[in-house]
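Keep the picture open beside the text and look up each part as it comes along.

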Amino acid sequence: MRFALPLAVLIALLALFAVGLQRDPRRVPSPLIGKPAPAFDLPTIALPGPPGAAPPPARMTQADLRGAPVLVNFFASWCAGCQDEHPFLMELARSGEVRLVGIDYKDAESDLRRWLGRHGDPYAVVLSDLSGNTGIDWGVYGVPETFVLDAQGRIVFKQIGPLTPEAWQRIRPLLQGSAS
Amino acid sequence: MSAELGHFALILALGVALLQGCVPLIGWRRRDARLLAFGASAAHAQFLCVLVAYACLTYAFVTKDFSLAYVAENDHTRLPLFYRVTAVWGAHEGSLLLWVLILSGWTVAVSVFNRRLPLEMGALVLAVLGAISVGFYLFILLTSNPFDRLYPVPAEGHDLNPILQDPGLALHPPVLYMGYVGFSVAFAFAIAALIGGRLDGAWARWTRPWTVTAWMFLTLGITFGSWWAYKELGWGGWWFWDPVENASFMPWLAGTALIHSLAVTEKRGLLKSWTVLLAILAFSLSLLGTFLVRSGVLVSVHAFASDPTRGLFVLGLIGVVVGGALALYAWRAPRLRAEGELNLLSREGLLLFNNVFLVCAAGAVLLGTLYPLVLDALGLGKISVGPPYFDSVFVPLIVPLILLVGLAATVPWKRARLGETLRRLRMPAVAALAVGLTLPLAIQGRATLVAVAGTLLGVWAAGTAVQDLWRRVRSKADWRAGLTSVPRAAWGMNLAHIGLGVWAIGVACVTSFGAEKDVRLAPGAHAELGGYTFVFQGEREAAGPNYTAQQGSVLVEREGTAVARLYPQKRLYASQGTVITEAAIHPGPFGDLYVSLGEGYDDGSWSLRLYDKPMVRWIWLGGVLMFLGGGLAASDRRYRLARALERRSAQAAEAAAA
């Protein structure tokens, strides 16, 4: 019996690894879930919006995000994952289900304009975090990352990596819950 | 064209390996000598195939053939030739090709050196090695083919990771793989013994030189890795308890236990099933290391591109290879019988304790490495396990182990008398106490508990080893006759134990007296550390073959006299836009001075990291001494004599049968 013990240990380890493979150790849950969004005060970037829309204020703070659920999307023109998620963001913007706020992370404004010009602009408003300090406050460790805020400005969900339709399926009920 | 040739050679190697794994087994069932002998020919053919494949990939790197995806990913037109050759194993696909090349090389070595082994035994060993090769060829061909083409062909390659553009990279992976892969031979011998049912002193004698050879390369590989990380990563540390470091350290611990338990099995016919289990364990931990590195289940500084399919494949490979071996073990090991009884106060008894400590250490490292994975898999949260855990579990295990080294080398086999043993140990004990208390004071002018304890242990291990050699030499009337009478195995063992002592002294001193400081210095400003004055003299541009650098100049003075001039660099590799720091080190036998360059500021000042690293070289010197000791032990004359003897008796038996 004791000679079979090593085999039993191996089987347990293999089961463990099989489960471990399904998970990404780099995905660390955000401690900000359930907390109010960290404070920021960032300049907006003036972009050609839809005709007739009021131009955004010159600067915005976390207080301006309250009132309705909103997706805060940290992105950059230099980021490959952002290009992956971009078509879905466009689709989401067209559906009008939720307001999208983009925070352009460590990016030159001219690059951003060229990038949005080429791929389309899904954002209601784009803020510029040139120094990356807001990203640090929000615990961003790689773009793209998307935070879901409820109407009270609390973070209810964080998506690390591209926003996928699957992730949206998980986010949508959260928004409905917070709206009611 | 050469890429297709290489790809084809690799497929051919897979076919040959399949035959090598099956035909000798059939021969063993049918007792057919011709089929048994096939294993050696297959091993040679397989080596030729994989050598061709490896040469083709190297050729593609040297000629910058960016039509190969792997070459485009890791080569660059401005990469110096030396690094174009070493870049072959700079990433996943090529390093696996190196792995199978080395595995095949070991197989050929077994087939050449073990011609004198009983035919059945040798054939079974080659069959097991062939079966392992099959697994790795499939892994390469199905998930990680370095010969995949890329279309459209890029005009320029993505370049080798700049951090790997260092002579240390040329040495570290191949030597480490020699060790990892070498344990496959001990594994194959263990499986052959379980299948064939023959496990005796002779089996242990055949297995020992292979195991020691693998162990010495693993030791050297880890030593190179530690040295490379120290000089290249710019943190001034020599060991980080990173998962991938642990992955190489666990097989080392198991392998160290194995070479000691093999000694017991050879000399006394004891611990048989334990030795077999260790042989399986050492190689299994090597495979586990591969899995941890390649699959990305753990976060590590060794950022190989990770891929879940690859992880799943290696997991399957472990399941088949290790699972099969352990099932065989569960079935056959109960039949292995000890040939005597074990007395705890004897060399074999103390070696058993040595094994307990080494295996516990390996288990503790395994637990710490896998713990984050366990918690995550059970959904209990994300954590990381760092040096505080490893230091606090490892130190209590290594301290008694080093004490045992001195004891076990002094105590005779079978049964020892306590009084006699204690009398012999008096000298090393006095030396350890004296040097332990004075050496830290002599080199640093102060003593700490860690420094004294570490030096004491180190001198104890080295002192008992020297005493053993001294007694052996003195046993002859003439010292020249005495020197030549000492077998290489004894020189090797004692040299390795001296290496352990040197390592312990280095570790204790560098952890105790090492100092570091982060400073921001304007040109002309200075900072003090460890009795040295570091004067920052400004910064200028420098350029290398494929990088530009900002190079700081730091003058180090001690009491007004210049000790060293250091030029730390911050290099920009334009091909990838990567910036790496290149630390400047002033090495010395009793300590290093180490400066690495941080950020530059607008006012011309720079942030610098300054380190004083007393005795840090002793850590690697210890590793090199262990390597040399292993080399001496593996080449002991009695292995060759025994082989000749066995061949003669086999010939006599054949003649009698005919």
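H1(B) covers residues 2-30 and H6(B) covers residues 119-143; they pack at an angle of about 150 degrees, with their axes 8 Å apart. That angle makes H1(B) roughly antiparallel to H6(B). The axes are lines fitted to C-alpha atoms, for helices over the stretch in contact, and the angles run from 0 to 180 degrees between N-to-C directions. Helices here are DSSP runs of H or I with at least four residues, strands are E runs of at least two, and both are numbered from the N terminus.

Before going further, a word on what you're looking at. This is a predicted model, in which local features need pLDDT of at least 70 and side-chain atom pairs count only at pLDDT 80 or more, while totals for chains, interfaces and linings use all residues. Residues are numbered from 1 along each chain as its sequence is written, and chains are lettered from A and ligands numbered from 1 in the order in which they are written.

Now for another helix pair. Helix H5 (residues 92-113) of chain B packs against helix H7 (residues 167-196) of chain B at an angle of about 50 degrees, with the axes 9 Å apart. That makes H5(B) oblique to H7(B), and the crossing is right-handed. On the H5(B) side, the residues making the contact include B:Trp99, B:Leu103 and B:Trp106; on the H7(B) side, they include B:Pro173, B:Tyr177 and B:Val181. Contact means that the C-beta atoms of two residues, placed from the backbone, lie within 7 Å.

Let's step back to chain B as a whole. It has 19 helices and ten strands. Its radius of gyration is 27 Å, close to the 26 Å that the globule rule gives for 658 residues, so chain B is as compact as a globular protein of that length. The radius is taken over C-alpha atoms, and the rule is 2.2 Å times the number of residues to the power 0.38. Along its principal axes, the C-alpha trace of chain B spans about 90 × 75 × 55 Å. Of its 658 residues, 52% count as buried, which takes 20 or more other C-beta atoms within 10 Å of a residue's own; 12 or fewer make it exposed, anything in between partly exposed, with C-beta atoms placed from the backbone. Among contacts in chain B with a separation of 6 or more, 75% come from residues 24 or more positions apart.

Chain B also holds an open sheet of four strands, ordered E1-E10-E9-E8, with antiparallel pairing. Its edge strands are E1 and E8 (584-586), each pairing on one side only. Two strands pair if DSSP finds at least two bridges between them. E1(B), residues 515-521, is joined to E10(B) by seven bridges, and one bridge links B:Ala515 with B:Asp612. E9(B), residues 591-600, pairs with E10(B) over eight bridges, with B:Tyr594 opposite B:Tyr611. These two strands form a hairpin with five residues between them, and B:Gly604 in the turn has a positive phi of about 90 degrees. Which strand is largely enclosed by the rest of the structure? E10(B), residues 606-614, is the one, because seven of its nine residues are buried.

Over in chain A, five strands form an open sheet in the order E5-E4-E3-E6-E7, with mixed pairing. Strands E5 (125-129) and E7 (155-160) of chain A stand at the edges with a single partner strand each, so one side of each is left without a neighbour in the sheet. E3(A), residues 70-75, and E6(A), residues 145-149, pair in the antiparallel sense over five bridges; A:Phe74 has A:Glu145 as its bridge partner.

Finally, two residues of chain A. A:Val72 lies in strand E3(A) and is buried, with 23 other C-beta atoms within 10 Å. Among the residues A:Val72 touches are A:Val101, A:Ile103 and A:Phe147. A:Pro57 sits in the loop between strands E1 (41-43) and E2 (59-61) of chain A, and is exposed, with 11 other C-beta atoms within 10 Å.

Note on methods: Angles under 35 degrees count as roughly parallel, over 145 as roughly antiparallel, 65 to 115 as roughly perpendicular and the rest as oblique. A crossing is left-handed if the near helix is turned anticlockwise from the far one by less than a right angle, and right-handed if clockwise. Lists of a residue's contacts leave out its neighbours within four places in sequence.
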